[in-house]
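Here is a short briefing to read with the sequence and the model side by side. Please keep the viewer open and look up each residue as you go.

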There are 2 protein chains.
Amino acid sequence: MTTTELADRILKGDRRALARAITLVESTRADHRAQTTQLLEALSGAGRQALRIGLSGTPGVGKSTFIESFGMMLIGQGLRVAVLAVDPSSARSGGSILGDKTRMERLSREPNAFIRPSPSQSHLGGVARRTREAIALCEAAGFDVVLIETVGVGQSETVVSEMSDLFLLLLAPAGGDELQGVKRGIMEMADMILVNKADGDLKATATRTCADYAGALRLLRKRPQDPEGFPKAMTVSAVEEHGLDQAWAEMQALADWRKQNGHWDANRAEQARYWFDQEVRHALLAKLEAPQARSEMDHLGAEVGAGRLSPSAAAERMLQALAQI
Amino acid sequence: MTTTELADRILKGDRRALARAITLVESTRADHRAQTTQLLEALSGAGRQALRIGLSGTPGVGKSTFIESFGMMLIGQGLRVAVLAVDPSSARSGGSILGDKTRMERLSREPNAFIRPSPSQSHLGGVARRTREAIALCEAAGFDVVLIETVGVGQSETVVSEMSDLFLLLLAPAGGDELQGVKRGIMEMADMILVNKADGDLKATATRTCADYAGALRLLRKRPQDPEGFPKAMTVSAVEEHGLDQAWAEMQALADWRKQNGHWDANRAEQARYWFDQEVRHALLAKLEAPQARSEMDHLGAEVGAGRLSPSAAAERMLQALAQI
């Protein structure tokens with residue numbers, strides 16, 4: 001299939017073509033990279049935008065169940081939903097853990113849903129680039145909402161928040177006074193905190209936990225681009241499918257407000273500049289990954305370790321070597 | 001003064017020559033960099049090693065008082081002590097905050113002490129390189145102990161621990177059950193935790209805090225290169241100069257054990273390889289700091305922000321431009 005044919009099919013919303021294109025963007029082969037650039041160029045003219053929702057949460061919080069229930073609700077409203085995952089650790093297990101179709105059984109059978117596991121890449125930089133390109137493909141394929149899930153390992157939350165229009169933090173009800181060890185930096189990224197499992201025996205605990213987080217969010221500085229009341233904490237039950245419509249209404253209200261006030265476009269522009277900067281840095285450091293560069297690094301590293309060369313002198317030699325490679 | 005003369009004076013322990021040489025290594029001028037390389041080369045032959053002690057602590061813990069009392073005790077034992085500081089934030093205030101001689105009045109008057117504030121550099125990479133080179137100069141000048149102080153901003157603890165033989169964490173007595181918000185990563189770096197201010201009204205609290213930290217340290221995995229009982233928590237009083245000699249005895253015991261078991265040399269070799277790797281990466285990214293590169297980044301960044309170029313396409317153009325610069 002030519003790139004033009006592939007682009008046409010994606011624009012018609014063909015999920016198979018979309019899956020194929022994502023496989024293409026996940027490839028590191030030079031010819032595939034060139035095709036990807038062509039494809040994205042061809043699709044960018046369509047100017048389609050989805051609501052990109054980043055989603056993070058502590059382990060065991062019921063993220064897959066939430067995505068399933070939330071996704072089904074959106075589909076019930078006539079929307080098309082794509083789910084992508086950012087999991088730099090998945091390389092170890094040879095594929096995705098989250099975003100797995102078997103964990104979202106109903107959603108994966110829906111014609112208006114598209115679920116794609118995290119690519120098996122060990123570098124977060126590689127995962128980030130592929131995920132951004134996959135988002136662009138989903139938008140071109142006419143999806144209304146793109147959910148980008150992160151496992152919350154290392155820097156993955158920052159990566160996801162830098163490619164999302166809204167960022168959700170999903171938390172479990174917790175007794176005690178500890179705020180589940182959620183880092184302040186993650187709290188500051190969140191537009192909304194959803195306390196899941198507000199059902200059965202945990203309902204009262206969830207309500208208390210939600211109040212605790214609402215209090216914690218009030219202590220953070222309100223972002224100037226947001227209306228009163230944001231960032232916001234709410235309770236939901238993914239299992240009982242309760243509170244999801246209210247949460248969605250709040251997300252839409254926030255998105256509309258930002259669009260009307262120019263913050264939406266400004267945010268996307270800033271994100272694009274951020275990724276441009278990241279890609280340049282990533283590409284400069286990628287020179288060190290070439291086989292010849294690696295073997296020179298190993299050789300000089302051994303000299304440094306043995307005390308025959310200082311780190312600075314070895315670095316100078318390495319840069320001279322790189323200029324020849 | 002020629003580089004050879006400077007090297008000779010440093011090897012004789014001349015503090016003025018040492019100060020002058022550190023000013024040289026703090027310079028970014030190309031000719032100064034070349035002289036630095038020559039100087040370090042000339043000095044490396046001496047093969048002198050100091051005990052490099054990294055020191056971090058929460059604000060208000062009494063770090064300057066500790067360094068003063070601890071340093072005076074070492075000098076009382078006939079040792080020569082150098083104090084360096086790593087503070088990437090000091091660029092803002094135009095110089096050092098910590099390591100300031102006025103805060104270590106007695107120590108700064110001692111002929112066997114040398115105190116050098118943090119260089120005014122905004123990049124942690126730059127500060128790290130200068131500090132490593134300053135350590136090498138202090139070792140060549142015959143100092144027995146080099147204390148490297150960090151303010152604990154951002155990544156500065158990692159930087160200091162990667163250039164230290166031992167890493168100390170200085171903490172204040174704390175009521176309550178909170179462990180003063182010390183990050184797990186910092187705890188894991190520490191060879192010893194010293195709970196300061198174990199004097200007067202705070203003595204009992206300090207003992208309890210010390211027991212809490214001793215318990216927390218037991219939960220961390222023991223490093224295979226360490227003898228039983230390490231990492232260790234102890235109480236000290238910098239003001240009453242109490243417990244400092246015991247702490248010093250423990251540090252020496254740990255250092256001796258590591259030397260006898262080959263871990264000392266292995267650690268220094270690993271650190272040297274780490275800094276080699278960091279310097280290569282730093283140098284590759286430094287290409288972006290050239291004025292021409294900056295203006296091209298700004299230009300392409302604006303195109304990306306305006307949506308006229310994708311981040312990837314702009315990054316490719318930037319790399320082509322860098323090849324010409």
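Buried means under 20% relative accessible area, exposed means over 50%, and partly exposed is in between (1.4 Å probe, protein chains only). This is a predicted model, in which local features need pLDDT of at least 70 and side-chain atom pairs count only at pLDDT 80 or more, while totals for chains, interfaces and linings use all residues. Residues are numbered from 1 along each chain as its sequence is written, chains are lettered from A and ligands numbered from 1 in the order in which they are written, and side-chain values use heavy atoms, with hydrogens and water left out.

**Domains of chain A**

- Chain A is split into domain 1 (1–45), domain 2 (48–261) and domain 3 (289–324), with bounds that come from an automatic or database domain assignment.
- Between the C-alpha centres of domain 1 and domain 3 of chain A there are 39 Å.

**Backbone features to look up**

- Helices (H or I, at least four residues) and strands (E, at least two) are DSSP runs, numbered from the N terminus.
- In chain A, a cis peptide bond connects A:F230 to A:P231, with omega at about -10°; A:P231 sits in the loop between α9 (203–219) and β7 (232–235) of chain A.
- In chain B, B:F230 and B:P231 are joined by a cis peptide bond with omega at about -5°, and B:P231 sits in the loop between α9 (203–219) and β7 (232–235) of chain B.
- A:E241 is not a glycine, yet its phi is positive, near 50°.
- You will find A:E241 in the loop between β7 and α10 (244–260) of chain A, where A:E241 is partly exposed at a relative accessible area of 43%.
- B:K197 is another non-glycine residue with a positive phi, about 65°.
- B:K197 belongs to the loop between β6 (192–195) and α9 of chain B, and B:K197 is partly exposed with a relative accessible area of 28%.

**Salt bridges**

- A salt bridge here is a side-chain nitrogen of Lys or Arg within 4 Å of a carboxyl oxygen of Asp or Glu; by this rule there are 36 salt bridges over all chains.
- A:E133 pairs with A:R33 in a salt bridge whose closest N and O atoms are 3.0 Å apart.
- Because A:E133 is in helix α6 (residues 124–140) and A:R33 in helix α3 (residues 30–44) of chain A, this pair ties together parts that are 100 residues apart in sequence.
- A:E133 is buried, with a relative accessible area of 4%, and A:R33 is buried too, at 14%.
- A:R33 and A:E133 also belong to a network of salt bridges that links them with A:R129, A:R132 and A:E279.
- A:D191 and A:R258 form a salt bridge through their side chains, at 2.6 Å from N to O.
- That pair links distant parts of the chain, 67 residues apart: A:D191 is in the loop between α8 (184–189) and β6 (192–195) of chain A, and A:R258 is in helix α10 of chain A.
- Both A:D191 and A:R258 are buried.
- In chain B, a salt bridge joins B:E26 and B:R116, with 3.2 Å between the closest N and O atoms.
- B:E26 lies in helix α2 (residues 15–26) and B:R116 in strand β3 (residues 113–116) of chain B, so the pair ties together parts that are 90 residues apart in sequence.
- B:E26 is buried, as is B:R116.
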